[in-house]
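Please look through the sequence and the model below before reading on. The paragraphs after it are meant to be read with the coordinates open.

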Amino acid sequence: MTNNKTVLKWIDEIKNLVNPNEVVWIDGSKEQIEDLRKQAVATGELFKLNQELLPDCYLHRTKENDVARVEDRTFICTTDKEDAGPTNNWYDPKEMYTKLYDIARNSYTGKTMYIIPFSMGPIGSPLAKIGIEITDSIYVVLNMVIMTRVDKKVLEVLGDSNDWVRCFHSRCDIDPEKRYICQFPEDNTIISVNSGYGGNVLLGKKCFALRIASYQGWKEGWMAEHMLILGLENPKGEVKYVAAAFPSACGKTNLAMLIPPEYLREKGYKIWTVGDDISWMRIGEDGRLYAINPENGFFGVAPGTNEKSNFNALESTKKGTIFTNVALDLNDNTVWWEGLNKNLPENALDWKGNKWDPSKFDKTDKSTCAAHPNSRFTAPAANCPCISSEFDKGAGVPISAIIFGGRRAKCAPLVYQSKSWENGVFIGSAMASETTAAAAGAVGVVRRDPMAMLPFCGYHMADYFQHWLDMGKKLGDKAPKIFNVNWFRTDDEGNFIWPGFGDNMRVLNWIIDRCEGKADATETAIGYIPKPEDIDLTNLDMDIETLKDILTVDKDVWEKEVEEIEKHYEKFGDKLPAELRNQLETLKNNLK
Ligand code: GTP
Ligand code: SPV
Ligand code: MN
């Protein structure tokens, strides 16, 4: 497949370590994929779904102890502990290599070693990067073929270069006590053992495209962010692009594929999806910030996805999709999850493969759910009805606005604009959100999640903040405007006040208007808030008083928030950029 000496040497090293029966190179060809699907069906690793209703779609169930990312078992291994910073788990690289090699030794005995050369970003794009994943799992191969660009051309483009990321995965015994997800940023290396679940094993995604790439971006002057990218087309046919960072399971896929309310569609407004999870951004020749989506598919949250909430995502899952940990409707061999529709299947298997009893279903008790709350679909981006014409182009799209957001029941207003780039970096650095099922651990606890990158930043978070500030200096007056949104304010009964989903378009329109100097705003302590009459409520069952309510900045709540941010900043000590400390002081004074 290649004469690249660095590639051959590494593959030899891993092969000698894991001792496989056979070695297979993956080129992404139709015949090869079909053959692998057949093998996986024969062993029960995949279940073939109804091929008339869901052509080329399959269901996979992971082990019950292996259903989400494991942040406490994720490590950044740098020579100097200080380089990983206070928000990452650190381990000495030498010791970790020894530990992992001991775990993985002979782990492929009797098995096949698959080698997957892949490109993150359109093959050959100046913004793209190449990786090679070694795995013993057909599930991983088939997911990587959807999520990244797997093609013979990848190795041609790589040539003799050593600029590629080494990704080694071994299922071992799926033993949670020996599960490790390790990044070695200094060596462009990732090693993952004892898991078979999505984000832990599709190493192109969070491990490479965020943890390793954020480190590369820091060294090379670009940015790798946990952001969706969308294009908003107005009735004149002009398209403006925004990138938005929300923590896991806080609505990126939904916002990226949004369908505008009918009255806006009739006027000619459209949303185009460039990406739903990750954005790589560089300064272009004209001085603006350009973004590509390095992925080639969507690894989306299934529960809650339905025709109304996210039609485009649902459409994307109707062919060539792998479902993980959803329920199987035995009546017609299709899939089901909570929130897909109101027809609880009478004859179904839950995500564990046990008979499901709909009469015992209680939506407040996760253990009665048919699908796991973090069940997912892996769908090709090409299936998406609103995929952007720019998606496959290597040049990237110019970003007008950056949006931060998260789940905050009380604090953050529906939307506000930062007062400057530096103030926007402050807002991102202080972001918090209630935790979700996307990672193992407690759900619903407020935690600080700077730029939605807490679990994904591959180096010291204070250096990361400084990198953001430096990028702003380089961008100058061409920098995107920075905003914050919160779709998740609740009333006293805990119901979401803002309708969300397609209606978020009303907020996006205000954001674009602000970027173009077309909308007014009120200056508050935290930033610029819309005039209530500037958020279009046409055809919405919401009065302006309710809107005013979710646009307010409650002084008492924000004074507490400032205390929390102070505590959060203490972690970074002297390394925290002075600019951010100044921003916090300014906010404190503004609130007085
Ligand atoms: P990751 O793939 O983990 O990075 O998640 P994500 O950020 O792409 O989140 P996603 O769009 O899959 O949404 C996660 C959950 O949030 C789903 O259950 C959605 O139904 C819900 N959600 C998304 N947008 C909204 C919204 O505007 N309002 C409300 N109330 N819920 C939303
Ligand atoms: C997330 O958790 O942010 C995801 C899913 O997008 S995973 O690939 O598991 O990280
Ligand atoms: Mn994500």
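This is a predicted model: local features need pLDDT of at least 70, side-chain atom pairs count only at pLDDT 80 or more; totals for chains, interfaces and linings use all residues.

Residues are numbered from 1 along each chain as its sequence is written, chains are lettered from A and ligands numbered from 1 in the order in which they are written, and side-chain values use heavy atoms, with hydrogens and water left out.

A pair of aromatic rings is described by the distance of the centres and the angle of the planes. A search of the whole structure gives 25 aromatic pairs, where rings of Phe, Tyr and Trp (its six-membered ring) pair if their centres lie within 6.5 Å, and planes under 30 degrees apart count as stacked, over 60 as edge-to-face and the rest as tilted. In one of them, the ring centres of Trp10 and Trp164 are 5.7 Å apart and the planes stand at 70°, so the pair is edge-to-face. Because Trp10 lies in helix H1 (residues 5–18) and Trp164 in strand E9 (residues 164–170), this pair ties together parts that are 154 residues apart in sequence; helices (H or I, at least four residues) and strands (E, at least two) are DSSP runs, numbered from the N terminus. Trp10 is buried at a relative accessible area of 8%, and Trp164 is buried at 0%, where buried means under 20% relative accessible area, exposed over 50% and partly exposed in between (1.4 Å probe, protein chains only). The rings of Phe488 and Phe496, with centres 5.5 Å apart and planes at 75°, are likewise edge-to-face, and Phe488 counts as buried at 13% relative accessibility.

One aromatic cluster is formed by Tyr215, Trp218, Tyr459, Tyr464, Phe465 and Phe572. The charged end of Lys219 sits over the ring of Trp218, 4.4 Å from its centre, a charge being over a ring if NZ of Lys or CZ of Arg is within 6 Å of the ring centre and within 35 degrees of the ring normal.

Helix H13 (residues 505–515) is largely enclosed by the rest of the structure, because nine of its eleven residues are buried. Among the buried residues of H13 are Trp510 and Arg514, and the charged end of Arg514 sits over the ring of Tyr528, 5.3 Å from its centre. Just after H13, Gly517 takes a positive phi of about 70°.

Which residues come nearest to ligand 1? Of the 21 around it, they are Ala249, Lys252, Thr253, Asn254 and Arg376, a residue being near if one of its heavy atoms lies within 4 Å. An oxygen atom of ligand 1 is 2.8 Å from a polar backbone atom of Thr253, and an oxygen atom of the ligand is 2.8 Å from an N or O atom in the side chain of Asn254. The protein covers 91% of the 660 Å² of accessible area that ligand 1 has on its own, with areas from the Shrake-Rupley method and a 1.4 Å probe. Helix H8 gives the most to this shell, with three residues.

Ligand 2 is surrounded by residues including Arg69, His226, Ser248 and Arg376. An oxygen atom of ligand 2 lies 2.4 Å from an N or O atom in the side chain of Ser248, and a polar side-chain atom of Arg69 lies 3.0 Å from an oxygen atom of the ligand. Taken alone, ligand 2 exposes 280 Å², of which the protein buries 98%.

Methods:
A polar contact is a pair of N or O atoms within 3.5 Å; within protein, one must be able to donate a hydrogen and the other to accept it, and residues adjacent in sequence count only if both atoms are side-chain atoms.
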